[in-house]
Amino acid sequence: CLYDNVAIFDTKGDDPTLDAAGARSVRNLPNKFRRSMDDNQAKSKWYRVVAYDDVNKARDQFGMALEKIYKEGNWVVVLDETRAISDPRSPGLGLQPELDRIWLRGRSRRICVVAATQAPRWVPTSFYDQCQFAWSSRIRDDRAHQRIMEIGSMTRAHIPHIASIRKRRWLYMDDEEEDTWLAETGL
């Protein structure tokens with residue numbers, strides 16, 4: 001994605017990993033004309049949209065950015081803390097409808113979404129329904145197991161693998177073929 005339009009949605013503003021991604025920190029995505037004036041260097045069209053502290057202002061800010069991405073197409077969207085963007089309950093921004101539209105119709109507009117959450121039971125079901133594959137760290141909570149089984153064709157038989165992943169290891173889950181398969185990886 002080095003030369004693609006990339007929008008990283010940062011709800012915290014102080015995450016060192018997001019800060020180190022090499023994306024330009026902005027409050028609003030530049031328009032298409034402004035972006036066309038950027039050089040064609042790696043990551044020159046990467047933007048880290050840092051949320052305003054005021055929830056109402058942040059809701060408008062992220063809502064307008066998601067609208068712009070949907071209208072334009074050809075974006076890679078990275079959602080850090082998906083719950084903080086989708087959940088209507090405080091401190092969430094309540095932008096589930098905007099995210100649903102991108103998840104449900106974004107592929108035809110060439111929009112790729114990378115969505116992350118530490119609380120999978122609190123994100124919209126479209127988070128699960130539309131994913132092509134999923135990465136998961138260890139999940140031991142029974143309620144979270146119920147939500148994780150909603151991904152593709154995950155079944156109870158997969159839960160012991162998800163519950164026993166070692167620290168700093170990840171499980172890749174894919175059900176694009178006839179069979180669901182899992183692969184464990186580490187850092």
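Here is a short tour of this protein chain, topic by topic. Keep in mind that this is a predicted model. The average pLDDT over the protein chain is 85, and 88% of the residues score at least 70.

**Confidence along the chain**
- Among the elements, α3 has the highest mean pLDDT, at 97.
- At the other end of the scale is helix α6, residues 126-129, with the lowest mean value, 70.

**The nonpolar cores**
- The largest nonpolar core is made of 25 residues.
- Phe9, Leu29, Phe62 and Ile69 have the most contacts inside this core.
- At least two core residues come from each of these elements: β1 (6-10), β3 (46-50), α3 (55-72), β4 (75-79) and α5 (96-105).
- Helix α3 gives the largest share, with 6 residues.
- What does Ile69 touch, if we leave aside its neighbours within four places in sequence? Its contacts are Ala7, Phe9, Leu29, Trp75, Val77, Ile102 and Ile111.
- There is also a second, separate core of 8 residues, which includes Ala134, Ile139, Ala144 and Leu171.

- Is β1 largely enclosed or open? Since 5 of its 5 residues are buried, β1 is largely enclosed by the rest of the structure.
- Val6, Ile8 and Asp10 point one way from the strand, while Ala7 and Phe9 point the other way. Residues on both sides are buried.
- β1 runs parallel to β3, and 5 bridges join the two strands. In one of these pairings, Val6 has Trp46 of β3 as its bridge partner.
- β1 also pairs with β4 in the parallel sense, this time over 4 bridges. Here the bridge partner of Phe9 is Leu79 in β4.

- Leu2 sits in the segment before β1.
- Leu2 counts as partly exposed because its relative accessibility is 42%, which falls between the cut-offs of 20% for buried and 50% for exposed.
- Which residues does Leu2 touch, not counting those up to four places away in sequence? They are Gln41, Ala42, Lys43 and Trp46.
- Leu2 and Gln41 are 39 residues apart in sequence, yet their C-alpha atoms are 8.3 Å apart in space.

**Backbone details to look for**
- Most residues other than glycine have a negative phi, and most peptide bonds are trans. The next points show some exceptions.
- Ser90 and Pro91 are joined by a cis peptide bond, with omega at about 10 degrees. Pro91 belongs to the loop between α4 (82-86) and α5.
- Glu81 is not a glycine, but its phi is positive, at about 60 degrees. You will find Glu81 in the loop between β4 and α4.
- Is Glu81 buried or exposed? Glu81 is buried because its relative accessible area is 19%, and the cut-off is under 20%.
- Arg110 also has a positive phi of about 60 degrees without being a glycine. Arg110 is in the loop between α5 and β5 (111-115).
- Arg110 counts as exposed because its relative accessibility is 63%, and exposed means over 50%.

How values were computed
Residues numbered from 1 in each chain as written. Predicted model: local features only at pLDDT ≥ 70, side-chain atom pairs only at ≥ 80, totals over all residues. Heavy atoms only, no water. Core = buried A, V, L, I, M, F, W, Y, C linked by side-chain atoms within 4.5 Å. Buried < 20%, exposed > 50% of the residue type's maximum accessible area, 1.4 Å probe, protein only. Contact = heavy atoms within 4.5 Å. pLDDT = per-residue confidence, 0-100. Pairing = 2+ DSSP bridges.
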